[in-house]
Amino acid sequence: MNRLRGGILVGLLALALVAMACGEDEPAPTTAAPTTAAPATTEGPTTTAAPERVSLVMQLTWVPQSQFAGYIMADRKGFYDDMNLDVEVLPGGPDVSPDQQIITGAADLTLGKAAAIFVARSRGVPLVAVAQFHRKSGFPIVAMADSGIQGPEDLAGKTVAAFQGGGDEVELLALAAQIGLEPGVDFELVEQGFSLDPFLNGEFDTITPTYWNELQSLYEEGFTDDDLVIIDFDDYGVGSPHGVLHTTEEILAEKGEAIARFVAATIRGWKYAFDNPEETVSVILEQAIQASELHQTNMLTALEALHFPEGFSEAEYGSIDVPAFERLSTDLFGFGLLDQEVPASDAYDTSIWDMASDGM
């Protein structure tokens, strides 16, 4: 399983108390300006000063796998070094809370679901998104083809499993509200857990796996699209993006220009990974624990469809989906998943991607 949930939330609750003890959050200061060209002289052409070399620590949310291919390949191919950055990519694991790592200063950056940033901020933890690589929701509803479920309205009377806490359930709640179903009344909402067995054994009528991991595991077990019904939240306008790169307001104020360079190099890393899948999987298998080549290859293919869905402009790759953040702000508060309302604009900073995409 490639995501930590309970550990992250416990860490965030504890850190929220620390944040409140230190006083109210201040608005994120303006990030440092990008390096500018040196003034021209009569002795030669204008030159651009090399940016200051900066060290950054990137905390992954799980053990090395294709889910993090862009970061792994940017590091391996020297793209971070090309941006005058010393980057350490830390693996995650069952005992690592990625958001706690950046709050305590053990890391500068991590990634996760956009909804979790709102939940953290509502508890006094000043996380802020600086780039977004997934353009679609990564968590569909999946049912067996013989379950009688063909669309969202068929969830009535069913046992519906989803990861809960940290805003993971917001897509399901929004979809249910859209079609007039109430969890606990019209259907049973249960915690999904880390095993597919309850779904395979018929205990759960549906699950919400990730496209890149658990769904691929089902395919690798021999299931086909004819055996499954897949309900995509984006088809109903309620998807929440994953793969959101974020940091804290304090780190952003101190290292904003370097983070913009990191984003530029990571964009390059993701594109290289998708263009060179065999090399990428080979590199990942050097670092992965008990990983299969087939699964890592399938994971990378599934991720490319989330990063570059049909009709998406490559020129916007890595940018924050502002309308999605605005919708999340409304939905999360409306469904009672936030301790207090969080304006969408507090949860992201678009200036980092602007600098990263401006030819730096």
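Two residues are said to be in contact when they have heavy atoms within 4.5 Å of each other. In this predicted model, local features need pLDDT of at least 70 and side-chain atom pairs count only at pLDDT 80 or more, while totals for chains, interfaces and linings use all residues. Residues are numbered from 1 along each chain as its sequence is written, and side-chain values use heavy atoms, with hydrogens and water left out.

Leaving aside neighbours within four places in sequence, isoleucine 259 is in contact with Leu56, Leu109, Val130, Thr247, Ile251, Leu252 and Ile352. Ile259 is also among the residues with the most contacts inside the largest nonpolar core, which has 65 residues; such a core is a set of buried Ala, Val, Leu, Ile, Met, Phe, Trp, Tyr and Cys residues joined through side-chain atoms within 4.5 Å, where buried means under 20% relative accessible area with a 1.4 Å probe and protein chains only. Helix H9, residues 249–275, gives the most to this core, with 13 residues (a helix is a DSSP run of H or I of at least four residues, numbered from the N terminus). Apart from this core lies another, of 26 residues, including Val119, Ala120, Leu127 and Leu338.

Asparagine 84, found in the loop between helix H3 (79–82) and strand S2 (85–90), a strand being a DSSP run of E of at least two residues, has a phi near 60°, which is a positive value in a residue other than glycine. Most residues other than glycine have a negative phi.

Notes:
Buried < 20%, exposed > 50% of the residue type's maximum accessible area, 1.4 Å probe, protein only.
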